[in-house]
Amino acid sequence: MKFTRLIAIVAALAGLLTATVYSVHAASGVSLPASHPEKLEEGRVSCAECHEDQIKGILKPFAAFNHSTQFILNHKFYAGQNDQICSACHKRSFCNDCHLSKEEMKPALKYGDRPDRMIPHRGDYMTQHKIDGKIDKGSCYKCHGRANNEKCMGCHR
Amino acid sequence: MRRLTWYLGVMFCLMPTLALAAAEYSVDSATYLRFQQYAAPGFDKKFQAPATQYLTIDATKIGVDGLSLHFYGWGDAVMGSTLPNEDRYNGNLTYFYLDYRLPSNNAQVKAGRLFVFDGLANEQIDGVSFRTDLPLGLTLSAFGGAPSKLDYEKQTSVTIAGTPVKFYESGNKGDTIVGGRVSSRMAGILELGVSTLYEGGIRTVISNGALVSGNEGFIAPGSLRSYRQLVGGDIWLSPFKMVDLNGHTFYDLASSGIAENSYLLTVRPMEKLSVNGEYTDQSPKNYFAASNLPSLFNPTINDKMRRYGATVTLAATKAVELSVDYRRYNRENKGNSNRCGFDVRGTFVENKVRTGFSYHRVTGADVAPVASITPATRYNELRGYAMYDTHTYVAAFDGIAQLYNQNINGRKSAFELLTSLGYHVTPQLLVSGDISYGQNPDYNDEVKGLLKVVYNFTNEVKGAHK
């Protein structure tokens, strides 16, 4: 019961706000495209190669989203603020290769044919995880510890 | 479990039918067949061949402008021996939601099982989410529902000094969740966000005043809470074109303390050169406050985890990128570790040939309270790969090795070599096979095989969904 009430409240608030926004701000805001108009190749994308200055929908320079090594290692900052732009090119299932609540296959297993991608847990991870986990346990908690623990429970109880 | 298998079965049959009713849809299917020797500690090696099926379906143009339907899930079956406590059949409905985009202001409503990545939220929920841009450069988003339950839950019961102690682990999530974010933007210069989240009804330790032992000491009863409540701030600041600051601070209200600070400063003095500095800290008391695997992510230990470092990346030519990195990890009660090294990547012949090589040296802290089972944390890591993708054939080679300073289980190194060969039967259909061989302190000879069939079909005219 509590749950349905909660959803009703969130939905009502959302509806109210949308209505307000639309009356005040009728259709002036530029939206991001639902999907990126140009098909892109595999591998690193450099937005700046095809775009200049600013993404109107989010008021940030295109160059900030160049998929450099640093962008990929730090994509959490961009996803946390502008997840909508990620969805223009990425199906959610793309993210779910690494971000899941329940998964059987470690991400690196699925992409043996894509060594160029920065997929976590390459190689035999059973040995290596004991070291990585000790050195930087906090980094594991992004994906394990609240979810995706089923396998861990066998040894960590 | 059985109910889920049923549910998945129905979905797998129903979804394609639903999708076909849509004017535009795409179906991605990936099937993996693994061949492996698998052993849990204390058990004999057994041969296993798990088959896993992933299915993604996206249907757009389903009658109403802006409305679309999205599905993703997997199911698997293990052939050969199963391990103790391992289910032969397994599966998960990862998401299944309706997405409605309003014509302007980036307004969007989603309902169903979905993922929320928004400010401090990184959640899988059964519920609704909503976002819109507001006047004056403001944006607003909100979500609510129930955290998707994990379908496994373990009730552990231990007897300590004659007192039975029960606690729930791993499947443990709350029954309601709400959250949202407000942000303010100045075109091209700044985005500032404030986000919050509340999850209630988490089943927690039921105990009679005893202590439960985890692998990092003891979890005191009452130290795990029945709710999770956080507030956070996030920033993007680019005062000049060549400087970017990204970061966030998350505060845990349930345990009254900063859970995480994470900041990244990027300076690009030249187009081809980028210099980064990063800093992250987390305190277990606050960061692990809502862990459902407290024996590993123990919120009661008094520790502080920090990491900071710098990376210099040089795009030497359009085809070659070189980066040099240094990172220091500091744990207040375990000591300092360092990791430094370099990475080279190359992309040649119109993206068809991709190669890379990296070397890292890790000098880990060896002052640990559980030294007897601590593996050596000083080692060199080498990795090299090369791949060739003609769009018809794909060949890839990958090698990774760790060379330890001390013996672990009588062995001074670990390595894995992998070869993969693939063939595009049609542009939509890829069949590939991987074979890997490795040796490491846990296994003498580890041979694994994998067969993969990927099918990506879309009738969309354009769009670049990956």
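**Note on the two-chain model**

1. A:Asp136 is buried, and so is B:Arg307, where buried means under 20% relative accessible area, exposed means over 50% and partly exposed lies in between, with a 1.4 Å probe and protein chains only. Their side chains meet in a salt bridge at 2.8 Å, N to O; the term denotes a side-chain nitrogen of Lys or Arg within 4 Å of a carboxyl oxygen of Asp or Glu. A:Asp136 lies in the loop between α6 and α7 of chain A and B:Arg307 in strand β18 (residues 305–315) of chain B, so the pair joins two chains. Helices (H or I, at least four residues) and strands (E, at least two) are DSSP runs, numbered from the N terminus.

2. This is a predicted model, in which local features need pLDDT of at least 70 and side-chain atom pairs count only at pLDDT 80 or more, whereas totals for chains, interfaces and linings use all residues. Residues are numbered from 1 along each chain as its sequence is written, chains are lettered from A and ligands numbered from 1 in the order in which they are written, and side-chain values use heavy atoms, with hydrogens and water left out.

3. Chain B has 466 residues, of which 51% are buried. Its secondary structure comprises two helices and 26 strands. Of the contacts (heavy atoms within 4.5 Å) in chain B between residues at least 6 apart in sequence, 48% join residues at least 24 apart.

4. Between chain A and chain B about 10,700 Å² is buried, 53% of it on carbon and sulfur atoms; buried area is the accessible area (1.4 Å probe) that two parts lose on being put together, summed over both. A:Lys102, A:Lys137 and A:Arg146 supply 8% of the area that chain A buries against chain B, more than any other three residues. In terms of contacts, 108 residues of chain A meet 147 residues of chain B.

5. The rule finds twelve salt bridges across this interface, and 45 residue pairs, both at pLDDT 80 or more, are in polar contact between the chains. A polar contact is a pair of N or O atoms within 3.5 Å; within protein, one must be able to donate a hydrogen and the other to accept it, and residues adjacent in sequence count only if both atoms are side-chain atoms. To the side of chain A that touches chain B, α3(A) gives the most, with twelve residues. That side divides into 42 nonpolar, 35 polar and 31 charged residues, with Ala, Val, Leu, Ile, Met, Phe, Trp, Tyr, Cys and Pro counted as nonpolar, Asp, Glu, Lys and Arg as charged, and the others, Gly among them, as polar.

6. A further salt bridge links A:Asp113 and B:Lys452, with the closest N and O atoms 3.0 Å apart. Since A:Asp113 lies in the loop between α5 and α6 of chain A and B:Lys452 in strand β26 of chain B, the pair joins two chains. A:Asp113 is buried at 7% relative accessibility, and B:Lys452 is buried at 4%.

7. Within chain B, B:Glu278 forms a salt bridge with B:Arg327, the closest N and O atoms being 2.7 Å apart. The former lies in strand β17 (residues 273–282) and the latter in strand β19 (residues 320–331), so the pair ties together parts that are 49 residues apart in sequence. B:Glu278 is buried, at 17%, whereas B:Arg327 is partly exposed, at 24%. Elsewhere, salt bridges that share partners join A:Glu42, A:Arg114, A:Asp116, B:Arg354 and B:Asp389 into one network.

8. B:Asn106, in the loop between β4 and β5 of chain B, counts as buried at 2% relative accessibility. Its side chain reaches the backbone nitrogen of A:Leu32 at 2.7 Å and makes a polar contact with the side chain of B:Asp133 at 2.9 Å.

9. The largest nonpolar core has 37 residues, with B:Tyr54, B:Phe143 and B:Leu197 making the most contacts inside it. Such a core is a set of buried Ala, Val, Leu, Ile, Met, Phe, Trp, Tyr and Cys residues joined through side-chain atoms within 4.5 Å. β5(B) gives the most to this core, with four residues. Apart from it lies another core, of twelve residues, including A:Leu32 and B:Leu264.

10. Two backbone angles deserve mention. Phi is positive in A:Leu59, near 60 degrees, and in B:Val349, near 45 degrees. A:Leu59 is partly exposed, at 23%, and B:Val349 is exposed, at 54%.
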